[in-house]
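Please work through the following exercises with the sequence and the three-dimensional model at hand. Each task is followed by a worked solution.

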Amino acid sequence: MRSVIVWGERHQVALYLAAIAAGAVLGLRVPSAARPLEIAITPVLAVLLFATFLGVPFPAIGRALRDGRFLAVVLAVNFVIVPVVVFGLSRFVAQDEALLAGVLLVLLTPCVDYVIVFTGLGGGAKERLLAAAPILMLGQMLLLPLYLWWFVGVDLVRTVELTPLFIEAFVWVILLPLAAAGAVQYAASRSRWGRIVEAVAADAMVPLMMLTLAVVVASQVHGVSARLADLWVAVPIFLGFAALMFPLGAVAGRVSKLGVPARRAIVFSGATRNSLVVLPLALALPASFALAPLVVVTQTIVELIVMVVFVRLVPRLIRTGEIS
């Protein structure tokens, strides 16, 4: 059994790509599975994050909260640099209101959930991103309406209530898994069953990530494929965003003299977006914006593939020893 787990960890990138491919095949061959799989996204993601949080000692989270330099850089990247990049890229779809709304909704909101998992897989400081998650969530709740008002106009801002959906997502995918992980860590220091749960969760990380990737892709790929002719123009924008945010995040971390794990975390945070949280916002838009949710879903699929590549690429390009 241990040899299988070790093999899976060594070949995790190939396994993640296989999971994405399997999800795509399932979603295209069995369209009726899309709705139940979409309902399963939040529970599956919560379990994945629970396993991730178990691997982050709670004292490390406390230390990360006191790391003012890292918090300042991650906020500057996500709420100063990203909006500038997004404004430029969004001009390519500015003539289509629905496409523009979808692009802005998804690219202006930093991820606070599976980015922590990918950061850990890429050798980044996942405990620092976990500590920054509440601040990032609050920041996007406050600033997204302002950015939408600047880039589109006040009418779009008035059509959907943002705050309740952000709070609900934060509770389900951050607070509850974090509380459960804290309880298990406490039990592990005092009981055998707690240590067993920790060990099982650590061994299950690769299968859980594969399950999450497959479920997300299978639940969304059929809807995207049905409108591919309308959505293809958004794909280069999402690829361009990731390609730009990699060097911009790396430079921001280097200029700020952050250590290598922190710089890797900045890159992942800047490039990864809050698609699973903003999808309900896109769905709440009027009928004239019917394409916007599919734009968000398209970004999710593109991003999952990009993140699997980043897991291999980021450690190679931001190497230990460059900055101590």
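The model is predicted, so local features need pLDDT of at least 70 and side-chain atom pairs count only at pLDDT 80 or more, while totals for chains, interfaces and linings use all residues. Residues are numbered from 1 along each chain as its sequence is written, and side-chain values use heavy atoms, with hydrogens and water left out.

**Exercise 1. Compare the span of helix 12 with its expected span, and locate its bend.**

Step 1. Helices are DSSP runs (H or I, at least four residues), numbered from the N terminus. Helix 12 covers residues 205–226, which is 22 residues.

Step 2. The expected span is 1.5 Å times one less than the number of residues.

Step 3. In helix 12 the bend is about 40 degrees, at glutamine 220.

**Exercise 2. Repeat the analysis for helix 10.**

Step 1. Helix 10 has 26 residues and reaches 36 Å between its first and last C-alpha, close to the expected 38 Å.

Step 2. A kink of about 40 degrees is centred on valine 171.

**Exercise 3. Classify the ring pair of phenylalanine 246 and phenylalanine 310, and state whether each residue is buried or exposed.**

Step 1. Rings of Phe, Tyr and Trp (its six-membered ring) pair if their centres lie within 6.5 Å; planes under 30 degrees apart count as stacked, over 60 as edge-to-face and the rest as tilted. The whole structure holds six aromatic pairs.

Step 2. The centres of phenylalanine 246 and phenylalanine 310 are 5.1 Å apart and the planes stand at 75 degrees, so the pair is edge-to-face.

Step 3. Buried means under 20% relative accessible area, exposed over 50% and partly exposed in between (1.4 Å probe, protein chains only). Phenylalanine 246, at 11%, is buried, and phenylalanine 310, at 6%, is buried as well.

**Exercise 4. Which residues does the ring-pair cluster contain?**

Step 1. Ring pairs join Phe87, Tyr147, Trp150 and Phe151 into a cluster.

Terms used. Helices (H or I, at least four residues) and strands (E, at least two) are DSSP runs, numbered from the N terminus. The bend at a residue is the angle between axes fitted to the seven residues ending there and the seven starting there.
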